[in-house]
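Please consider the structure shown below.

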Amino acid sequence: MLLTSLLVGGGSPAKAADQLIVRLDGFSLPIDIGQLEAWSRDPGSRGNDLGVWFELLDPRSREDLRRLLLTPILEERDLALQLIQSWAGRQVVEEMGALLSTDQSGSGPLLVNTLRGLLQRPEPVTPLSLLRAVPTPRLTLEVDEVLKLAQQWRRQVELQGQALRQLRQLRLPLTATPSTARAPALQPTGAVPMPRLLELAVTHRPDPLKIELWEAVGPARGTYLLVMPGLGSSGAQLNWLARGLAERGYPVLLIDDPSSDEHVVRQLLDGQRPPPGAETLPARLADVEAVLKAEQDGRLPPLGSSAVLLGHSLGGLSALMAGGARPVAGLDQRCKQAMRGIPLNNLSRLLQCQLPEVPLPKVGSGDGRDPVAAVVSFNPFGSLLWPGRGLDRLNGTPLLMVGGGLDLVTPPVGEQLELFLQQHNPRSRLVMVEGGSHFSVVRLGDDNPALLQLGEELVGVEPHQVQELLLNLTADFLGSLDGSAVLASQQRLQGTVRAYVLDREAARHWHRRLDG
């Protein structure tokens, strides 16, 4: 339904569309939109030539088509307006111009403007009203292109299934651990830490930055973590991770981005603002610099001699960038190629291709701030940012990169495996979670109500067990940074959830199997 709503525009057209040309497999079928509308309201009419063709459909398909044409498809008008006014929304709608075109060149901007106009009218928005609203006498629907989009999505699912089957065949030793995870919180291993709320005045924001400090239980290990949630998430959704690491002796600073947190998502859902995007990155990176420097200068409690940057999704990208990586030259050209069509099989490309318009700060301040000991990145992305050996800019910093087999937002082969292969630090590891999704690390539960109650298809399988597994693997990785034994390549079975821990050689072996 949402895809249909983005295909065409609305408003007060100078001349309403009266003909729809459907192109499929080299054939063009003209459809009179007036007859289509008349048939949808009275499918039994014998005076409608179009009805003769629809009689060839089976009764159920015929009724489904009629309902599709007449059912309102845009209930949240304010939300829809904000979406199409965002950078990503404009790109999607303009690319839709290749699917539903007019006799004019550059149909995309026309669709954006007419859709905006239609959303400001009180009448219900249906597929028929959308077709009628475009200010052109004739529309052309490229069904072949629509089918290509569907095939891309299906192909991505198939490729991830094939990649997982190849991964299972790697000869990795098995480590099995019974799960003790239970909702809504992980089983505590000792004293249960509680966070302290700190405020830090920063020059790049009008209000102080709010920080949760989770102090280490027992002796601190000399390294602290700076944790960043993803776009539209809050630190509260990663409290399970902060608590678990604090119980294992690691102080944790959990910082929210007030320009892309749950409050902003609520405003989006209420139609009060457009969705946040890559434009929030400069402030996020400045947050990291400010927090690291404040800890060193004594404006925050002393936490350790080095810091580990940890983030999820856009927070994971922030961790990589704050660790030293910046986009490789030529991103504009790579994006022109990648954005030829709607990137439904890799939605992270929308954020990556917004970055040429975003002024990124320089790496590091050169003021002797705490060194970055490692980067932990859950469900990150950057295939367009760092082709070839772009991640060499991390300067050998150990990296733990985590992906999920069900992740269709940042597909793991392109967005994690390809990037990890650029890593040369012997302590770096790639983790693939079977049944994990892009949202597996987001904690949902009665103790932490989420704005969006995501279904199992998005959350993935057994999210609490996945989170327990990721906590244990993160702690094992952190423990290897002090010079002790590295985290071994292995299959890790936590209850019923399986993950694959790969060093660079195992990752290269997996990659060769995929190429073969």
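The lining of the largest cavity divides into eight nonpolar residues, two polar and one charged; Ala, Val, Leu, Ile, Met, Phe, Trp, Tyr, Cys and Pro count as nonpolar, Asp, Glu, Lys and Arg as charged, and the others, Gly among them, as polar. This is a predicted model, in which local features need pLDDT of at least 70 and side-chain atom pairs count only at pLDDT 80 or more, while totals for chains, interfaces and linings use all residues. Residues are numbered from 1 along each chain as its sequence is written, and side-chain values use heavy atoms, with hydrogens and water left out.

Among the lining residues of the largest cavity are Gln-160, Leu-167, Gly-405, Glu-434 and Trp-510. Helix α9 (143-168) gives the largest share, four residues, and α9, α16 (412-420) and β13 (429-433) each supply at least two. Helices (H or I, at least four residues) and strands (E, at least two) are DSSP runs, numbered from the N terminus.

Elsewhere, the axes of helix α2 (residues 33-41) and helix α4 (residues 59-70) come within 9 Å and cross at roughly 110°. Helix α2 is therefore roughly perpendicular to α4 (angles of 65 to 115 degrees). Axes are lines fitted to C-alpha atoms, for helices over the stretch in contact, and angles run from 0 to 180 degrees between N-to-C directions. Leu-36, Trp-39, Ser-40 and Arg-41 in α2 meet Arg-62, Leu-65, Arg-66, Leu-69 and Leu-70 in α4, where contact means heavy atoms within 4.5 Å. By class, this contact has five nonpolar, one polar and three charged residues.

Terms used: Angles under 35 degrees count as roughly parallel, over 145 as roughly antiparallel, 65 to 115 as roughly perpendicular and the rest as oblique. On a 1 Å grid over the protein atoms alone, a cavity is a set of points where a 1.4 Å probe fits but cannot get out, and a pocket is an open set with protein on both sides within 12 Å along at least five of seven lines; lining residues have an atom within 4 Å of a point.
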